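Me: I'd like to learn how to read helices and strands in a model. Can you walk me through it?

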Amino acid sequence: MQGKGLVKLFLVLIILVCLWNFSYFIPTNKVERQADEYAMKLTGKTAENSSSPDFKLARAKYLDSVSGIEIFNIPMVKSYTYSELKKDQLNLGLDLKGGMSTVLQVDLADFVKSLAGRNANNADFQKAIDNANASMKTSQSDFITLFAEEYRKIAGQDKLARLFSRSETLGELSPTTDDGAVTRLIRNKANETVQLTFERLKQRIDKLGVVQPNVSLDPNRDLILVEMPGVDNPQRARQFLQASAKLEFWDTYRFNDPGIQQALQAADLASGVTTVSNDSLGTKTTVMRDSIVFDALGNAIDTVQVATTSAAAGPESKGALSSALTFNSGTLSPSVMGIADRSKKSFISAILEREDIKALFPKNSKFMWSYKPTDDSDGKLSSNYELYLIKTQTGAEAAPLDGDVVTSAIQTLNPVNGQVEVNLRMNATGAKKWADMTTKAANDGNREIAIALDGEVVSAPRVNDPITQGSSSISGNFSVEEAVDFASILEVGKLPARTKIIQESNVGPSLGKENIKKSINSLLLGFFLVIVTMIAYYAGAGIISIISLLLNVFLIFGTLSSYGTVLTLSGIAGIVLTIGMAVDANVIIYERIKEELEAGKPLKVAISDGYYHSYSAIIDANVTTILTALILAFFGLGPVKGFAVVLIIGVISSLFTAIFVSRLLIDWWVGRGNDLNFWTGFSKGAFKHINIDWIKKRKIAYICSGTVILLGIISMFVRGFDLGVDYKGGYSYNIQFTDQDKVTADQLRAGLEKTFGGAPVVKQVDANNTFNVTTSYMISETGDDVPGKVMAKLYEGVSGMTGSKVSLEDFSNNESGDDKIHVVSSAQVGPTIADDLKRSSIYAGLFALLAIFLYILLRFNKWQYSAGGIIALAHDALVVLSVFSLGYSINDTVIVFDRIREYFGLHVEKTNNEIINDAINSTLSRTLMTSFTTVIVVLILFLFGGSSIKGFSFALLVGIILGTYSSIFIAAPILHDLARDLRITKRVRHAAASSAVKKESKSFARSSK
């Protein structure tokens, strides 16, 4: 082998780099042991209780306190802090450690409205915005492009420039500016907004205290992927991610201000009272008014006309508004109009938004709800929210003062009453404006100023004296954690655009630990079986392949660690496939060496020629896999992209170790005068002297495959697909039942059907009495409280069916013990991201087929080879319906095609039938062995790897088996049928044969030297 010195140098360097990256674990593990000791000392709990909230909080507090302290130092080079080292080492992902993953859509609708200014009230503009939002669910285009297209459809000749001509952000636009130019300007500004939103979200997450979060931006789709290992409070994380942190300071109206009470009473009458009638004696009063109908959760869903009769005569003045809103009778703060239950807020807001109702109140006013519910008589949070009437500025929508002036925010305790507060400091401009506002409020009867966050009043303190130093404090029934979060959000600053969660998954730490255990055990068992197989089949050469394989795994983990990669179950699946492909390369080489030895060549010559003639098949098989993985990485999100990235790294590492490292080891061993066996007693004659006429049997294979595909297509149209939550949208929960509350899938499905108003999909996912429930209930609804409502419905159905006394809090807590029914993991996929995933899967499959077709055409110079390979791949895809099988099933096809091409050059007198049959027969051993070694690992992963990865490993397993079948029975026969009239002439064959002989001679001479 030429260039041995260079290969050795590169190998030594890459091993040193990997060892260096692994060394980062030593100082970080030391710090984490200290954090465990600190948490145990502070909480009095042992490491076995490390999943308890107080233990985790204490541990996180310690790690946060040392995150910026130097813990590792290279003299005269660089020093590292704990947080820096954690970013540069391999960590466990959500499905292995537990945590929360979300996909956020940056909502650009409000951004476009802000650019349009007053023109945002234009009817055509509003309709275009609405249509663009609706199209986002089914289109691959971004919001700005969809908005521009919709406006052109609606407005006709009116140009976009007319809407945005006064936008200071876009600059001066002439009325004749082309729509395309305006769209590009908006898109560029939108890109800046999305990027800034992404940067500020990263800053927020850093303040949340998450260890090694993964935050990435997909700028083409305005999506932000956030993975936060170890997060055990999803609601807190959602607030952190979605709060735009728009802080505003508003003047307020009071309940007893002139005309306010009268306006509320008039609104009440207008909202519900319709007729009042007295009987002839004047002794009874019958009132027809709107009565509110609520659902089981207390949400207002309808109004009906109800007749009420009273004994005393007199007018009835109570309407629908006062039925839901309790007016301030003097017991509440003067700036509070009334209080209402959480479930009635949307109903009341709908009444107050009516134009006839709004006309009853001052023009410069608007209603706002409180940020949190009030305290009840026991000092605990109730479900009642306060309603405020805010005084707006005439001719302006913005608040008199906003959060842009805040320079710092910190959580403190009030020294007088002990309440948790957030102290703010303002810049000079803000301090002056704040002094003006507080002076005016103090002089106006010590009026309240409302401090609002994202359109909800957090606090409305009474101003006793002017505040002139640019400081303020916000109190709003905060817990310490909430105040810390609030301060962190305000200090980072408001998000330029709103974000909404369109996909979410939560994995409990117990499930993560179980996934780790099962994945490691299945990997070790599969690895052990591969070792046994390789040694049993290839003797001493098998030992060299195992050494190369171990080095390959070491290099993969070292490379992943150097990039600070987060290892997930999908990454482990990529490593599994990599192990199989690494062994494949050794099998291809060893089988060729065996053929050369059987041809009578000396050992060294056989080794040299075996490697030489194997390069093309190995490179072709791995390049097609890399092409597929690159396409998956481009179109995929989250786990799919993680699988693709690990696969790419693994394939490159496998090529290096299988081709170069194993050759170095073999040359070193043989060069010392040692013998090396490539077969054992039973494997020496295996698959030899096989002479099957595969081409003659091709029609049987065509009929079998055609029948299966036809039945499958009929089933697709008749039954459709049982799509997972990723592809159809909805909520998915894994619920673990106790031994006392065992149920069947049918019982659980029937019990939840009435609760959800339709039968959910229920499947048992493992033997531990754990079931997966998938429902589309409320999936099209928006709002922060929707996931909680769906969880409450699930709890209602499960507890009603089993009679369990577990609380909703324990049921939804993925850290609850095995003695309680509880949700161990959950996922939410909105319809937008579900449609996007379906389209991306289709595009990935089509582009993978195209890329492989072009590559095979380039390598084999005949379109018939490409057609045969692609038809075989399409055959596999139709049966497996999984893009993951595409990258692997081509490998065996390439091996067969490579031998067919070689035989066309060597066997000049044979027919196409004979050449193709001989090629299949001669490569049968390597075709079956390459598949068998991968099947071993994937089968073990399927059987013992746990429910989280079972679906993927099953698709991969079927794909490998079908790939082997199609390489023999589909790809080669298709090539034969397409090339029947394109036989190579004898003269061309003789020329090819002469060329092959020359190559053999050069190879022998090179090996002899």
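This is a predicted model: local features need pLDDT of at least 70, side-chain atom pairs count only at pLDDT 80 or more; totals for chains, interfaces and linings use all residues.

Me: What span should helix α25 have?

Reply: Helices (H or I, at least four residues) and strands (E, at least two) are DSSP runs, numbered from the N terminus. The expected span is 1.5 Å times one less than the number of residues. Helix α25 covers residues 786–802, 17 residues, so it should span 24 Å. Its end C-alpha atoms are 24 Å apart, which agrees. Gly803 follows α25, with a positive phi near 75°.

Me: Which residues of α25 are buried?

Reply: Buried means under 20% relative accessible area, exposed over 50%, partly exposed in between (1.4 Å probe, protein chains only). In α25 the buried residues include Val786, Val790, Leu794 and Val798. The buried residues of α25 pack against several elements, among them α11 (234–242), α24 (745–756) and β26 (822–829).

Me: Which strands pair with β14?

Reply: Two strands pair if DSSP finds at least two bridges between them. Strand β7 (residues 247–252) runs antiparallel to β14, with two bridges; Asp251 partners Lys391. Strand β12 (residues 336–341) is antiparallel to β14 over five bridges, and Ala340 partners Tyr385. Strand β13 (residues 365–369) is also antiparallel to β14, with five bridges; Lys366 stands opposite Ile390.

Me: How many residues of β14 are buried?

Reply: Six of the eight residues in β14 (residues 384–391) are buried, so to read it: mostly covered.

Key:
Residues are numbered from 1 along each chain as its sequence is written. Side-chain values use heavy atoms; hydrogens and water are left out. Contact means heavy atoms within 4.5 Å.
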